[in-house]
Every structure is written in structure tokens, then in C-alpha cells.
Amino acid sequence: MNQRKDSGGTAAPVRAKRGAAGSASERRDHLVKLAAELFARKGFQATTVREIALEAGILSGSLYHHFDSKESIVDEVLRTFLEDLINRYRSVLGTHADPRSVLAEMVRIGFGTLEDHRAAITVMQNDWNYLRSLPGDRFDYLVRAEDEAERMWLEQITSGQAAGQFRPDVDPKLTYRMIRDTIWVTVRWFRPGGRLDTDALADHFVKLLFDGLATGERASRPS
């Protein structure tokens with residue numbers, strides 16, 4: 001962002017960034033998106049309120065018309081992501097499809113969030129421990145959301161095992177956590193507009209998840 005020095009030597013924006021004008025709701029949404037990108041790029045701890053304000057082309061004091069703290073901003077970033085993710089999972093579970101079909105769709109939902117919620121997922125990975133260490137119970141919902149997501153996945157995995165769709169000799173919780181971590185770590189290297197979109201990524205992962213990598217009969221391989 002181009003800046004000029006005012007008479008007091010303080011860096012001041014030449015103009016507000018696109019989206020700074022408009023309704024209060026639009027300005028708030030714009031600030032959340034800008035802050036989310038900064039949090040993802042620099043880390044929540046390292047990002048200051050002043051930097052968010054400069055990025056938005058406003059004075060630091062003006063930011064407090066919309067949020068009372070930096071924590072309130074990251075709160076909105078993470079809650080929006082988690083509510084969207086959990087609601088999508090619930091929608092799939094409500095179809096009453098077989099466990100394999102449900103799991104495949106849940107995988108696609110996970111990869112599908114990599115674009116809309118890229119910054120939030122990055123913050124979750126980088127700043128989870130720090131946010132959970134803050135005084136009070138403000139960020140306890142992170143654990144509650146994770147627990148709910150895990151419960152949904154485990155129910156489908158164990159149901160699939162009971163129905164004979166999935167191998168009975170794999171640990172459901174370990175399986176879920178390996179799937180979860182594979183999806184979320186993709187945000188570190190996936191770039192929208194590249195050779196593969198999120199649908200292609202999901203299709204490839206589902207193929208590996210259910211069909212495996214090796215060819216031939218599993219029983220013929222040494223354990």
C-alpha cells in the first residue's frame with residue numbers, strides 16, 4: 001500500500017483500500033478479511049492492530065468502532081469457518097447415505113474449504129496452542145468444534161466397519177486424525193488457480209483412501 005509521511009512523521013495511507021467505503025456491515029467484513037490474511041501471513045501474535053488499520057487504510061482508533069480487540073477479529077474469522085464446516089458436515093449426515101458415501105462427501109467438504117477459508121485454516125494450524133493458552137474460556141469453542149467434528153467422522157468410520165465397508169483392523173480415531181491432518185496441511189501448498197482445483201484434490205484423495213496405492217491382493221502382501 002502506498003504511504004506518505006504526514007507533518008508529524010507518521011506513516012499515513014494515501015487512500016483507503018477498496019471496500020473501506022460502504023455500509024458498516026461491508027466495512028466490518030472487509031476488515032475481517034484483511035485481518036485474516038495478515039494473521040495467516042504473519043501469525044496472530046505478530047500482527048498488530050495498527051498493521052490491520054494500515055492495511056485497511058484507516059486510523060487505528062477507527063478499527064475499534066467495529067471490534068474491541070484483535071482477539072475479537074480472530075474470533076470472528078475462526079467461528080465463521082468452524083460454523084460453516086460443521087453445518088456442511090451435518091447436512092451430509094442428514095442424507096442418511098451409506099458410510100462410504102458420507103465419508104467421501106466429508107472429504108470433499110474439507111478440501112472445498114481450502115479456498116473460502118484458507119486464512120482461517122492457516123491460523124488454526126499456526127496459532128491453535130497460543131489461542132487456547134489465553135486466559136479465560138473465550139476460545140474453548142475450538143475444542144468443542146473439533147470434538148464434534150471428530151464424533152461425526154468416528155460414527156461414520158465405525159458404522160462402515162460394522163457394515164463391512166471398511167477394514168475392521170484399523171483404528172477409527174487414528175484414521176480420522178490422519179485424514180483430518182492430510183486435508184488441513186494441504187493449505188500450506190495448495191494455490192487456487194493452479195493445475196488442480198479443490199474438487200480434483202478431493203477426488204484424488206478419495207481414490208487413495210478407498211482404493212489404496214498398491215495393486216494386487218492385499219492378502220498376498222507380507223504384513
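Student: Which residues lie nearest the centre of the second largest pocket?
Tutor: Met124, Trp128, Glu146, Arg180 and Trp184, out of 19 lining residues. This is a predicted model: local features need pLDDT of at least 70, side-chain atom pairs count only at pLDDT 80 or more, and totals for chains, interfaces and linings use all residues. Residues are numbered from 1 along each chain as its sequence is written, and side-chain values use heavy atoms, without hydrogens and water.

Student: What counts as a pocket?
Tutor: On a 1 Å grid over the protein atoms alone, a pocket is an open set of points with protein on both sides within 12 Å along at least five of seven lines; lining residues have an atom within 4 Å of a point.

Student: Which helices supply its lining?
Tutor: H4, H6, H7 and H8 each supply at least two residues of that lining. Helices are DSSP runs of H or I, at least four residues, numbered from the N terminus.

Student: How do the lining residues divide into nonpolar, polar and charged?
Tutor: 15 are nonpolar, one is polar and three are charged.

Student: New topic. Which residues touch the most other members of the largest nonpolar core?
Tutor: Leu78 and Tyr89, in a core of 60 residues. Such a core is a set of buried (under 20% relative accessible area, 1.4 Å probe, protein chains only) Ala, Val, Leu, Ile, Met, Phe, Trp, Tyr and Cys residues joined through side-chain atoms within 4.5 Å.

Student: Which helix gives the most to this core?
Tutor: H4, with 10 residues.

Student: And what does Tyr89 touch?
Tutor: Leaving out residues up to four places away in sequence, Tyr89 touches Met106, Ile109, Ala149, Met152 and Trp153, where contact means heavy atoms within 4.5 Å.

Technical notes: Buried means under 20% relative accessible area, exposed over 50%, partly exposed in between (1.4 Å probe, protein chains only). On a 1 Å grid over the protein atoms alone, a cavity is a set of points where a 1.4 Å probe fits but cannot get out, and a pocket is an open set with protein on both sides within 12 Å along at least five of seven lines; lining residues have an atom within 4 Å of a point. Ala, Val, Leu, Ile, Met, Phe, Trp, Tyr, Cys and Pro count as nonpolar, Asp, Glu, Lys and Arg as charged, and the others, Gly among them, as polar.
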